[in-house]
Amino acid sequence: MSMGRYAASTDPEAGRDGDGAVLLRSPSGATARVSLHGGQVVSWKNDRGDELLFTSSKAIMKPPKAMRGGIPICFPQFGNCGTLERHGFARNRMWALDEEHPGLSRSDSGSTSFVDLILKPSEEDQKSWPHSFEFRLRISLTKDGDLSLVSRIRNVNGKPFSFSFAYHTYLSVSDISEVRIEGLETLDYLDNLSQRERHTEQGDAITFESEVDRVYVSSPNVIAVLDHEKKRTFVIRKDGLPDTVVWNPWEKKAKTMADFGDEEYKQTLCVDAAAAERPITLRPGEEWTGRLELSAVPSTNCSDHLDQPGIM
């Protein structure tokens with residue numbers, strides 16, 4: 001099992017219906033729980049035990065349905081823009097521990113606790129999406145408790161293929177009306193609530209008072225989500241993922257979702273590092289890498305993080 005030297009173990013309590021999970025723990029005391037169903041991070045807690053990701057109280061934990069919350073992996077399709085099921089099939093499949101050749105040393109991700117997973121297409125997958133790939137995923141915690149996901153997708157096919165992708169990240173917030181996003185000002189976005197019409201963001205920050213479902217295109221690699229009530233800022237760093245998806249269903253839509261509580265829209269905000277506007281194309285033998293790092297810091301420190309041009 002490809003794991004760091006700090007506690008990364010199979011967690012019998014996390015697995016339901018034989019699902020299985022891996023628990024990561026950083027020296028600071030932060031933890032992350034990873035389900036082999038979907039290769040999905042289902043929990044990320046800081047050193048005080050505060051849950052930083054949202055999971056619906058009505059989430060269905062049983063395969064083959066993806067769990068509503070955490071960080072589902074959307075591949076090889078994001079949303080409904082294609083012929084596959086919504087958000088693709090990767091989030092609904094059982095992943096395996098990658099014990100062969102993970103290809104990343106611990107120094108590559110700066111992690112102290114990590115797990116390497118792999119997904120290969122089943123015969124059923126290839127009926128709907130006839131391409132051969134190897135999807136390697138490293139999920140890790142840094143010594144300070146930051147959460148990192150590195151996806152590497154290789155074309156082992158004899159012909160090119162294209163895909164879209166997102167880390168569909170459900171952040172836990174105190175109250176959506178008290179949250180704002182900085183770093184997406186003046187950008188163009190595609191509005192999924194109006195047939196993907198293109199608009200330009202006008203505000204000096206994004207705030208919420210109704211349903212939002214937008215793809216901000218060519219977005220910067222560092223974005224901040226400020227939660228005033230919790231005095232906490234999520235800093236999102238990404239690489240290889242040009243877009244940022246922002247989603248909250250608000251009251252009316254929340255009531256139509258069977259696996260989402262009627263009032264739970266107030267406690268979550270999805271901010272996804274994504275490649276959604278333009279598909280990624282891989283020729284035979286080519287590999288793509290998409291990285292995400294999440295950190296949660298006191299809001300008084302957030303401006304320092306936004307000034308950083310790099311990632312990880």
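# Close-up views of a predicted model

**View 1. Strand 13 and its two partners.** Three bridges join strand 13 (residues 188–191) to strand 15 (residues 212–216), and these two strands run antiparallel. This arrangement, like everything in the views that follow, belongs to a predicted model. Strand 13 also pairs with strand 14 (residues 197–200), again in the antiparallel sense, and here there are four bridges.

**View 2. Two arginines placed over aromatic rings.** Arg214 lies over the face of Tyr189, at 4.3 Å from the centre of the ring. A second example involves Arg138, whose charged end sits over the ring of Phe114, 3.8 Å from the ring centre.

**View 3. A stacked pair of aromatic rings, Phe54 and Tyr170.** A search of the whole structure finds 20 aromatic pairs. For Phe54 and Tyr170 the ring centres are 6.3 Å apart and the planes meet at 25°, and because planes under 30 degrees apart count as stacked, this pair is stacked.

View 4. Phe75 and Phe133 form an aromatic pair with 5.2 Å from centre to centre and 75° between the planes, which is an edge-to-face arrangement. Phe75 lies in the loop between strand 5 and strand 6, whereas Phe133 lies in strand 8 (residues 133–142), so the pair ties together parts of the chain that are 58 residues apart in sequence. Both Phe75 and Phe133 are buried. The two residues also belong to one aromatic cluster, whose other members are Phe89, Trp95, Trp129, Phe135, Phe161, Phe163, Phe165, Tyr167 and Trp288.

**View 5. Asn92, a buried residue in a loop.** Asn92 lies in the loop between strand 5 (73–74) and strand 6 (96–97). With a relative accessibility of 12%, Asn92 counts as buried, because the cut-off for buried is under 20%. Which residues does Asn92 contact, leaving aside its neighbours within four places in sequence? They are His37, Pro64, Lys65, Ala66 and Glu85.

**View 6. Arg232, a buried residue in a strand.** Arg232 is found in strand 17, which covers residues 232–239, and at 10% relative accessibility this arginine counts as buried. When residues up to four places away in sequence are not counted, Arg232 touches Asn46, Asp50, Leu52, Ser172, Val225, Leu226, Asp227, Ala296, Val297 and Ser299.

**View 7. Glu286, a partly exposed residue in a loop.** Glu286 is found in the loop between strand 19 (268–282) and strand 20 (287–298), and its relative accessible area of 26% makes it partly exposed. Although Glu286 and Val156 are 130 residues apart in sequence, their C-alpha atoms are 8.0 Å apart in space. Beyond its neighbours within four places in sequence, Glu286 is in contact with Ile153, Arg154, Asn155 and Thr281.

**View 8. The whole chain and the confidence of its prediction.** The secondary structure of the chain comes to four helices and 20 strands, and of its 312 residues 56% count as buried. Among contacts between residues at least 6 apart in sequence, 66% join residues at least 24 apart. The chain exposes about 13300 Å², and carbon and sulfur atoms supply 45% of that area. The average pLDDT is 87, with 85% of the residues scoring at least 70. Over residues 1–19, however, pLDDT stays under 50, and the model has 50 contacts beyond four places in sequence for this stretch. Over residues 308–312 the pLDDT is likewise below 50, and this stretch has 13 contacts in the model beyond near neighbours in sequence. Where pLDDT is low, the predicted coordinates should not be read in detail.

Note on methods. Residues numbered from 1 in each chain as written. Predicted model: local features only at pLDDT ≥ 70, side-chain atom pairs only at ≥ 80, totals over all residues. Heavy atoms only, no water. Buried < 20%, exposed > 50% of the residue type's maximum accessible area, 1.4 Å probe, protein only. Contact = heavy atoms within 4.5 Å. Areas by Shrake-Rupley, 256 points an atom, 1.4 Å probe, with all protein chains shown as cover. Phe/Tyr/Trp six-rings, centres within 6.5 Å; stacked < 30°, edge-to-face > 60°. Lys NZ or Arg CZ within 6 Å of the ring centre and 35° of its normal. pLDDT = per-residue confidence, 0-100. Pairing = 2+ DSSP bridges.
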